[in-house]
Amino acid sequence: MKIVCVCAMGLGSSLILKMNVEKALEKLDLKEAVVEVADTGSARGANPDIIVSSHQFCEELADMNLPLIEVVNYTDVPYIEGELKKILGI
């Protein structure tokens, strides 16, 4: 499973998201997941299974028709964990 964290440049807030998504995955004991960072253009070509980002970028990438985790607080690991549970049905 590939999860892509998206921000404007694929460098700043997406790195914070990546670290917190990895923490959530660790709590869920999902070791096979790969987490990457990207800007919106690169995210389209990354072939992700799930995208994690802010409202603006989730809205922009909604046409990809895959699960989106829209975050407000990039450091809210319990929220990210809960959203992953919903998406993965666990």
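Across which strands does helix α4 (residues 77-88) lie?

The structure is a predicted model, in which local features need pLDDT of at least 70 and side-chain atom pairs count only at pLDDT 80 or more, while totals for chains, interfaces and linings use all residues. Residues are numbered from 1 along each chain as its sequence is written, and side-chain values use heavy atoms, with hydrogens and water left out.

**View 1. Helix α4 against the sheet.** Helix α4 lies across β1, β3 and β4, and runs at about 155° to β4. Helices (H or I, at least four residues) and strands (E, at least two) are DSSP runs, numbered from the N terminus. Axes are lines fitted to C-alpha atoms, for helices over the stretch in contact (heavy atoms within 4.5 Å), and angles run from 0 to 180 degrees between N-to-C directions.

View 2. The 4 strands follow the order β2-β1-β3-β4 with parallel pairing, where two strands pair if DSSP finds at least two bridges between them. Because β2 and β4 (68-70) stand at the edges with a single partner strand each, one side of each is left without a neighbour in the sheet. On average, neighbouring strands of this sheet are turned by 20° against each other, direction ignored.

**View 3. Bridges around strand β1.** In strand β1 (residues 2-6), 4 of the 5 residues are buried, that is, under 20% relative accessible area with a 1.4 Å probe and protein chains only, whereas exposed means over 50% and partly exposed lies in between. Strand β1 pairs in the parallel sense with β2 (residues 34-38) over 5 bridges and with β3 (residues 50-53) over 3 bridges. Val4 has Glu36 as its bridge partner in β2 and stands opposite Ile51 in β3. Ile51 in turn has Leu68 as its bridge partner in β4.

**View 4. Ser14 in helix α1.** Ser14, in helix α1 (residues 13-27), is buried, with a relative accessible area of 0%. Leaving aside neighbours within four places in sequence, Ser14 is in contact with Cys5, Val6, Cys7, Val37 and Ala38.

**View 5. Two loop residues with positive phi.** Most residues other than glycine have a negative phi. Asp29, in the loop between α1 and β2, has a positive phi near 55°. Asn47, in the loop between α2 (40-45) and β3, also has a positive phi near 55°, and counts as exposed at 66% relative accessibility.
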